[in-house]
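Student: I've got a fold open in the viewer and I'd like to learn how to read it piece by piece. Can you walk me through it?

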Amino acid sequence: MNIPHYDALTGSALAKPYSSFHYFFPSERPANIRALDRAIGLDPEAMKAAASLHSLAEAQTAIQTAEYTAAIKAGDERKKTLAAENLIFNPLCLFTAALEANAKLPPRFQVQPATCLFLANDINLTAPLKEVQRGKVEPKNKGGFRVLIDPGLILRTAGITVQRLLTPYVKLRSWQYTRKGTHSAIKAIRATIEQSLKGAEPLLHAARLDIASFFPSHDDEWLIHDLPLPKELAEHAVIGRHFEVKVEETAAAKNIIASYDLSFEHLNDLARQGLPQGLAPSSLIAMMTISRLKWPAMPGVAMFNLADDFFLLAQTEPDLSKAIAKLQEAVEALPDGQFDLRVKQFGPLSKDIDFLGHTFRIAEGSLRVSPAYDSWSGIMARLMKLEEAIYGKTGKPMAKGTADAVELAARYVAMLDGWRAAHSACDDLDTRWAGEFIAQMHENLAALGVTLPQAKAAYKPWMAYKHINS
């Protein structure tokens, strides 16, 4: 691909890289983002330039995004290519991507807007990214583990750019709920079951299935050649093989290594396979993969999907068995990798069937929905961990500065509110399942000297329940 350069002040193509606007940047690029931020983040001229370009960058990004989407709808390849090149290479568009990426990082990793502006002028998304990615190991509730990438600023910036380019191509099926979210999926399942219970042929049987190692099982060559992206961009910003990953040597990671006879080098390799887990574009591409599923509608059967998880409803056990077999065949036939769909639960809804952190049960002709035990115990463990920071091991509130108290309060409230929102389709949620958590929240706020409105006003994206469970 011919890589153009742009003047960050005007968005015009340049014969030489960037412009004289580059004057305040260091002649030698510091070794990492933190060093870069110390070098230029608070430079008065850099701060002034970042502030003056913010509105222009947002306007330019909006124009190029609209032109790109319109060109795809119109089938105009020339205009699409021009708009795509602006989104990939124009520092104004990359500046807004870097700012958005920066806002989603925890405070200890965030940088100044001027540093985001430098990255917008410095980054090349069609070459290996100059950043070491943090790897995290997470044990699964039912056994096994996953290795995630917790992306840094550069990779997040690349991810937002990839999302801008892919979003117009995403055409979801009626049974896909990944973009709509867990709450919408659970509401739809509930409505489907309850409606069926009013008729002569109710849906009384269910199965939960998921695709084993779904993200790593994507084929690299398919991702590079078949995604509607420049091949160089897919090579360096989508698949993991060029990422430099360093898995954190946490207690969980060491336990996994000991239990499975692995090494940190092996974990680093696992983090780079296929679609790396933890990246925003990976979720979007996964939706595109599932949307290619050849699933025929079956009488007496309903299907729901979120990410790599599937939920089947059927009137009879034979119907359910037939639907499972057809779905497994369809998943195996997906052209994007080698996928294995496994049954996790199967049976009548007179017994508990779990899906997406919820438990479904039919008793005396009525459906009851409650938080799954793993979800309930999981949020309790996370909230108790936060309480250790509030009370320590003494059980008495520890002295906190105002900023620390507000942050702890905001984290607690954001986590609990997010969990309640995710499970709002459950019966008796606040009176039965979350009642104790809510009472403890008010006790913790009083101990910290922070009001509920103050805590909510201090929310940050990285505190959200959906973020910590992504």
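This is a predicted model: local features need pLDDT of at least 70, side-chain atom pairs count only at pLDDT 80 or more; totals for chains, interfaces and linings use all residues.

Student: Which residues of helix H1 are buried?

Tutor: Within H1 (residues 33-40), they are Ile 33, Ala 35, Leu 36, Asp 37 and Ile 40.

Student: On to sheets. What is the strand order in the open sheet of three strands?

Tutor: The order is E10-E11-E12, paired antiparallel. Strand E10 (353-355) and strand E12 (366-371) are at the edges with a single partner strand each, so one side of each has no neighbour in the sheet. On average, neighbouring strands are turned by 30° against each other, ignoring direction. Helix H7 (residues 182-197) packs on this sheet and touches E10, E11 and E12, its direction making about 10° with that of E11.

Student: And salt bridges, how do I read those?

Tutor: Side chains of opposite charge can pair when their charged atoms come close. The structure holds 21 salt bridges. One of them joins Asp 427 and Arg 190, with the closest N and O atoms 2.7 Å apart. Asp 427 is in the loop between helix H15 (402-422) and helix H16 (429-433) and Arg 190 is in helix H7, so the pair ties together parts 237 residues apart in sequence.

Student: Is Asp 427 buried or exposed?

Tutor: Asp 427 counts as buried, because its relative accessibility is 14% and the cut-off for buried is under 20%. Arg 190 is also at 14% and counts as buried.

Student: What about a salt bridge inside one helix?

Tutor: An α-helix has 3.6 residues a turn, so residues three or four places apart point the same way. Take Arg 420 and Asp 417, whose side chains meet in a salt bridge (3.4 Å, N to O). They are three residues apart in helix H15, which means about one helical turn separates them. Arg 420, at 21% relative accessibility, counts as partly exposed. Elsewhere, salt bridges with shared partners join Arg 190, Glu 194, Arg 368, Asp 427 and Asp 428 into one network.

Student: Last one: which residues have the most contacts inside the largest nonpolar core?

Tutor: Leu 267, Leu 293, Trp 295, Leu 312 and Leu 327, in a core of 97 residues.

Key:
Residues are numbered from 1 along each chain as its sequence is written. Side-chain values use heavy atoms; hydrogens and water are left out. Buried means under 20% relative accessible area, exposed over 50%, partly exposed in between (1.4 Å probe, protein chains only). Helices (H or I, at least four residues) and strands (E, at least two) are DSSP runs, numbered from the N terminus. Two strands pair if DSSP finds at least two bridges between them. Axes are lines fitted to C-alpha atoms, for helices over the stretch in contact, and angles run from 0 to 180 degrees between N-to-C directions. Contact means heavy atoms within 4.5 Å. A nonpolar core is a set of buried Ala, Val, Leu, Ile, Met, Phe, Trp, Tyr and Cys residues joined through side-chain atoms within 4.5 Å. A salt bridge is a side-chain nitrogen of Lys or Arg within 4 Å of a carboxyl oxygen of Asp or Glu.
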